[in-house]
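Dear colleague,

I am handing over the structure below, and my notes on what was found in it follow directly after.

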Amino acid sequence: LLFLITPLFYSLFSTSVFASSITLSDSVGEYPIGLLMDIYEDVEGNLTIDDISSKRYDNQFTPSKSSRPGFGFTKSVYWVRFRVIDESLNSQWFLQVSYPPLDYLDLYSANGNGGFGVQQMGDLRPFSDREIENNQSLFSLAVDNKERTFFLRIKSESSLSIPLRILSGKKLTETVGVNNYFQGIYFGIMFVMAIYNLFVYFSVRDRSYIYYVIFIVNIGLFQLAVSGYSSQFLWSDWTWWCNTSTLFSVSIAIAFSFLFTQSFLNSKKYSPKIHSVLTVLFVMSLTNSVLSLFLPYRITAIIVIVIALPGVPLAFLAGVLAMIQKSRPARYYLAAWSIFICATFVFLLRVSGLIPGWLIIEYMMQIGSVIEVVLLALWLSDRIIVLKSEALAASESSNQIKDEFMSTITHELLTPMNGMK
């Protein structure tokens, strides 16, 4: 009797945990679905689509509590489930995953024959295999006026973030155009600043400039990788390097940011202890760039965070100590780098999964790096003027000494001659 009653009791008092379905209409072209989906953590990573779509796992999904769920560095596989009803006249709808560093993305949808069709994306898969060529991961959605359930499987060694939205074909075209426009401005500024500071270095031979150029170039390469453009335009089918270049470039950028800080602030004079620590962190970061070519992604990514979390505040502190001691460059350094340092710190917290992955945070490093590059470019330009003024003053002083010397010599030579007269 108990055997018969238990299933009946369960069916009456338990319900499947499903987020609300997403109804598509002509009046809306974009649907962020972060709060309209369910998530399941597959700790072992062994479940298949047949497993996850079975009744057994209906109640094991939990509704998402964030518009942009993030889980930091994890070995788990995550499954996302969402339901769609199409009441629009649009013939094309797309699912966009706005986080290119994810390694493997598999979107499953029922094929009408009792099975599932699958579309595959991810930065560890050749870019040429994508149905839609875009820096973001885009899936076409086969939807109609009946409710359709989709399952998205996500596995990645990088920080795992799941920013999802459904876009109409028209909205997708507009979004891609606007994004490419602003990204073009960003990378254009970084490229121009790198070339400008390189020319300045060849003019004044100040090591600060070459350190800064290396920093700018590698921050640019890092952002190209994170935004997915390096996969699309630079090394589309070289999947290993697409994945590795992210950590390689950011490790070099961090290393040379420490060298630039030491040189620009003359930290050996104003904060010798911090100078020594930054030297150690420089060596560690440069070593990590080499290790990223051999070690697993997750290990080198954690090393980057371990280096940056103390290094960023220490670099800022070096600027503060230099400013207290009346160092003129320190004021400009703090004005420019405080913005970038804060942006980097927030980005690292997001990567670690300690804060939500809001849209503004995803672009925080780009915003901070552009402001920092422009402000420091203004100071470095001013520094050139100061150097020229000092050189001119030194030249005038040298000419004055030379004139006084020649006048003295002439006087000494003429004095005996006047006595002879």
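Phenylalanine 260 and phenylalanine 264 lie 4 residues apart in helix H6 (residues 239-265), and are therefore separated by about one helical turn; helices here are DSSP runs of H or I with at least four residues, numbered from the N terminus. Both of these phenylalanines are buried, meaning under 20% relative accessible area with a 1.4 Å probe and protein chains only. This is a predicted model, in which local features need pLDDT of at least 70 and side-chain atom pairs count only at pLDDT 80 or more, while totals for chains, interfaces and linings use all residues. Residues are numbered from 1 along each chain as its sequence is written, and side-chain values use heavy atoms, with hydrogens and water left out.

The structure holds 24 aromatic pairs (rings of Phe, Tyr and Trp, the last by its six-membered ring, with centres within 6.5 Å). Because the ring centres of phenylalanine 260 and phenylalanine 264 are 5.1 Å apart and their planes lie at 20°, this pair is stacked (planes under 30 degrees apart). Elsewhere, ring pairs join Tyr40, Tyr57, Phe61, Phe116 and Phe151 in a cluster.

Turning to helix packing, the axes of H8 (residues 272-291) and H9 (residues 297-324), which are lines fitted to C-alpha atoms over the stretch in contact, come within 10 Å and cross at roughly 155°, on a scale from 0 to 180 degrees between N-to-C directions. That makes H8 roughly antiparallel to H9 (an angle over 145 degrees). The contact (heavy atoms within 4.5 Å) includes Leu281 and Met284 of H8 and Ile307 and Gly311 of H9.

Technical notes. Helices (H or I, at least four residues) and strands (E, at least two) are DSSP runs, numbered from the N terminus. Angles under 35 degrees count as roughly parallel, over 145 as roughly antiparallel, 65 to 115 as roughly perpendicular and the rest as oblique. Rings of Phe, Tyr and Trp (its six-membered ring) pair if their centres lie within 6.5 Å; planes under 30 degrees apart count as stacked, over 60 as edge-to-face and the rest as tilted. Buried means under 20% relative accessible area, exposed over 50%, partly exposed in between (1.4 Å probe, protein chains only).
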